[in-house]
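The report below describes a structural model through its ion pairs, strands, loops and surface. Please read it with the sequence and the structure at hand.

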Amino acid sequence: MHDVVLGAPRDIRPGQRPVLLQRNDEDFIESTLDELRTPRGRAVLSGRCARAVDAQGTLKLFQPIQRQFHIALVQAWCEQPGSPRIDPAKVQAAGMVVRRLGADGQPEGWMRSNGRVRGWVPLSRTGGADADPQSAHRLQRKLTGVADIDRHLSGYALELADNRLDEDVVPIFMAPPDVCAAAAQTIYYGVVPTISSELSEAPPAATGPEAVDFGPQSSAFKEHLVAPLKGLATSFPYAGQEVVAGWFDASESPPAKLPPDVSAQELTELSDPDAGPGLLMREFLLLLRQLGSEFNAFDGGADSAALRAELAKIRLTLVLRTGETVARTTSADVFLSQACQRLLKKERVDGALEMPTGWPSLDGSATRDLQAALHGALQARSRALISQSGRYDEPGARYVLRAFVRLKPEGPCPAHVVWSGDSEPYVIAPWFETADARPPLQIPLPDASDRNMLKALKPNVAFVVPPSMQNLLSGKAKDLMEGKGKMEGLGLTWICGFNIPIITICAFIVLNIFLTLFNLIFGWMFFIKICIPFPKFGSKSPPGPPFT
């Protein structure tokens, strides 16, 4: 039996790497097969090889949403004089695998086991890059042919989890017989996947392979914390006074009109975030944000129980009242939870809520315990917010494609896999990147000046509006723009019908207004908005040159 070789089809590209084509025609499979039939067509295909590269010079493939499709082509031939094409009857199965190159440059396969998706796994765990991608065939090749021995070997092998890993195989198909005969080659083709809805069942990672250390004692984590959470003594603003909700508005977005629970002096002081009470209030609100939002300290249930326990150990000193000789204290977890509720959530807190003098200095042991609890709460928060890893979710990940044929047993030779070489490493363009091969989709907007046409645009979508939202929208537009709208009050639920093209006009106008505003910051208008004059549809215009 002669050795079989798998590589690029002749007349397209030499070598043992699969050919990766890029096409944007609708019936790209049929077009490719048709061009494979003739030498001229195969020359055309050589010009359709994927050539786009990223900023680092790595080959770049696109997603179907970008209306670009990629096809892998390989041919199989016998390694003997004349390189005759392989007899298709000798092929038991054919396929290709997409492998990710890890941080160390070693290939990883997308694995399944026992009906569960295991995600990207180093190929060293399944016998290397040349091993059969299917576990049943890998185990079959290790058998001796002696029933008793093979039974024990199989039982032992199946006890090892890695021996049950199956690498995901993308099907490839042999070109029709007339195509192979015309090309004098046994050619296989398959669509290269660049998207996938599959999610790994492995726990999601909060950091990428090149991310900095963000452990509880890392400098990156500790520097991210506000001063109190670093264990540093910190003064609080307006110590001894009742905490009022208006402080937040006065500090974050000072209103033109004095809030009812804030004095004129407080409004002036809080309007300056760089000095005095304004600076202290900004730092205090940041403390509440980190604890309440980032670490979910007050609403996290069991996930943040350890953090609340550490906060409960910290006592915040209150201002001495007339006649007092011993300072009163309050638990940090109780006070900060109520302050977060009143200032950030704008919720009612029953009873008095007095501002303490500040946050005490913590010793090294207490600081480490607090930061360990903070990190644990952050990990729990990350698990809730970060979805499981998708197959092609890692930005900038590099992949290679490799095709194979599994040859049928022949005489004493068992079935075995023959691999092509690795394709050129490639990245997958993000969905928002535009491929230049096709013009953008056109969305005609209605003519807002044509009243007869507008009368014909009947509502084709309806919104169910709750009473609170209806009360807000039914007020004066001027009050709404100034933040004076009110949602309180009784009312009825409304159903409001709109026309989608009219909604599109409104969105288009608002988009252009905000693009102009943001252009002052980003300077992006030149790149993202291109407008050219175009004759009105149906208007008379000079005839252009004839089509050729």
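## A salt bridge at lysine 230

Lysine 230 counts as partly exposed at 27% relative accessibility, a class that lies between buried (under 20% relative accessible area) and exposed (over 50%), with a 1.4 Å probe and protein chains only. Its side chain meets that of glutamate 223 in a salt bridge of 3.8 Å, N to O, the term being used for a side-chain nitrogen of Lys or Arg within 4 Å of a carboxyl oxygen of Asp or Glu. Glutamate 223, for its part, is exposed, with a relative accessible area of 58%.

This is a predicted model, in which local features need pLDDT of at least 70 and side-chain atom pairs count only at pLDDT 80 or more, whereas totals for chains, interfaces and linings use all residues. Residues are numbered from 1 along each chain as its sequence is written, and side-chain values use heavy atoms, with hydrogens and water left out.

## Overall make-up

The secondary structure of the protein comes to 17 helices and 20 strands; these are DSSP runs numbered from the N terminus, helices being H or I with at least four residues and strands E with at least two. Of the 548 residues in the protein, 36% are buried. Among the contacts (heavy atoms within 4.5 Å) with a separation of 6 or more, 70% are between residues 24 or more positions apart.

The protein exposes about 32000 Å², of which carbon and sulfur atoms supply 59%; accessible areas come from the Shrake-Rupley method with a 1.4 Å probe, and for residues only the protein chains shown count as cover.

## Further salt bridges

A search of the whole structure finds 28 salt bridges. The side chains of aspartate 132 and arginine 406 form one of them, at 2.8 Å from N to O. Because aspartate 132 lies in the loop between β7 (116-122) and α3 (135-140) while arginine 406 lies in strand β16, this pair ties together parts that are 274 residues apart in sequence. Both aspartate 132 and arginine 406 are buried.

In another salt bridge, between lysine 346 and aspartate 249, the closest N and O atoms are 3.3 Å apart. Lysine 346 lies in the loop between α11 and β15 and aspartate 249 in helix α7 (residues 246-252), so the pair ties together parts that are 97 residues apart in sequence. Lysine 346 is partly exposed, with a relative accessible area of 42%, and aspartate 249 is partly exposed at 31%. Elsewhere, Arg23, Asp25, Glu35 and Arg48 are linked in a network of salt bridges.

## Two enclosed strands

Strand β16 (residues 398-407) has 9 of its 10 residues buried, so it is largely enclosed by the rest of the structure. Strand β16 pairs in the antiparallel sense with β5 (residues 91-101) over 10 bridges, where pairing requires that DSSP find at least two bridges between two strands. In this pairing valine 91 stands opposite leucine 407. Strand β17 (residues 416-419) also pairs with β16 in the antiparallel sense, over 4 bridges, and here phenylalanine 404 stands opposite tryptophan 419.

In strand β2 (residues 19-23), 5 of the 5 residues are buried, so this strand too is largely enclosed by the rest of the structure. Both of its faces are covered, with Val19, Leu21 and Arg23 buried on one side and Leu20 and Gln22 on the other. Strand β2 pairs in the antiparallel sense with β4 (residues 69-78) over 5 bridges, and the bridge partner of glutamine 22 in β4 is histidine 70.

## Loop residues

Lysine 346 has a positive phi of about 60° although it is not a glycine. Valine 349 lies in the loop between α11 and β15 and, at 11% relative accessibility, counts as buried. Residues touched by valine 349, not counting those up to four places away in sequence, are Gln338, Gln341 and Arg342.

Alanine 184, in the loop between α5 (177-183) and β11 (186-191), likewise has a positive phi, near 55°. Its relative accessibility of 42% makes alanine 184 partly exposed.

## Cysteines

How many disulfides does the count come to? With a disulfide taken as a pair of cysteine sulfur atoms within 2.5 Å, the count comes to 0. Cysteine 49 is buried, with a relative accessible area of 5%, whereas cysteine 496 is partly exposed at 23%.
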